[in-house]
Amino acid sequence: MISVKELRALGASLSAEKFRHQLGPFALIQRPPGESTSETLATTHLAKRGTIEMGMLSLIFEFEDLLVATLPPLGETDSLTIGRLPDCDLVLEEGSVSKQHAVLRWSQAEQRCTVKDLGSRNGTFLNGVIIMDREVTLRDGDILSVGYVQFWFLLTETLYTRLRTSAPGMGSRSG
């Protein structure tokens, strides 16, 4: 993972096109993972809704301290699995995340990404609303919650613009 601070330097040195080529079509931005114990990871434990909601809010105000999840390169149409298993494309070592929790699907032709829960114990939330077993399209700026792990889904162009226009140390911008 790369920090937003480190990414800011990369964004300043690259054109928007080269930045997108480096990162891919979208970014998943999260708080640094907390420490987990092997006991916590042995089984999935239930997540509390209030904790998920507080985590969503903190993403907006802690921008400089967030991390960008490293994702494999995406093809024209591609799927990424999210879960605790080592063979997932995005491995989250957090006890509230199921072994195979959710799947993201990218369509280059449609320029869209969807998410679908894979029958996880805690469910997958989009902007605080559980999505159950349906596939839902992600929009630029959405907050995706997988157990206690929240991601800010940003199109690469949006992230590039934000990195170049917001001053370091700023939280969200208004107005």
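A: The chain exposes about 9200 Å², and carbon and sulfur atoms supply 53% of that area. Areas come from the Shrake-Rupley method with a 1.4 Å probe; for residues, only the protein chains shown count as cover. This is a predicted model, where local features need pLDDT of at least 70, side-chain atom pairs count only at pLDDT 80 or more, and totals for chains, interfaces and linings use all residues. Residues are numbered from 1 along each chain as its sequence is written, and side-chain values use heavy atoms, with hydrogens and water left out.

Of the 175 residues in the chain, 45% are buried. Buried means under 20% relative accessible area, exposed over 50%, and partly exposed in between.

Now the sheet. It is open, has five strands in the order β5-β4-β6-β7-β10, and its pairing is mixed. β5 (90-91) and β10 (135-138) are the edge strands, each pairing on one side only. Strands are DSSP runs of E, at least two residues, numbered from the N terminus. They pair if DSSP finds at least two bridges between them. β7 (residues 112-117) pairs with β10 in the antiparallel sense, over four bridges. In that pairing, V115 has V136 in β10 as its bridge partner.

Next, Q100. It sits in the loop between β5 and β6 (102-107). Q100 is partly exposed, because its relative accessible area is 41%. Beyond neighbours within four places in sequence, Q100 is in contact (heavy atoms within 4.5 Å) with I82, G83, L85, C88 and L118. Q100 and I82 are 18 residues apart in sequence, and 6.2 Å apart C-alpha to C-alpha.

Key:
Buried means under 20% relative accessible area, exposed over 50%, partly exposed in between (1.4 Å probe, protein chains only).
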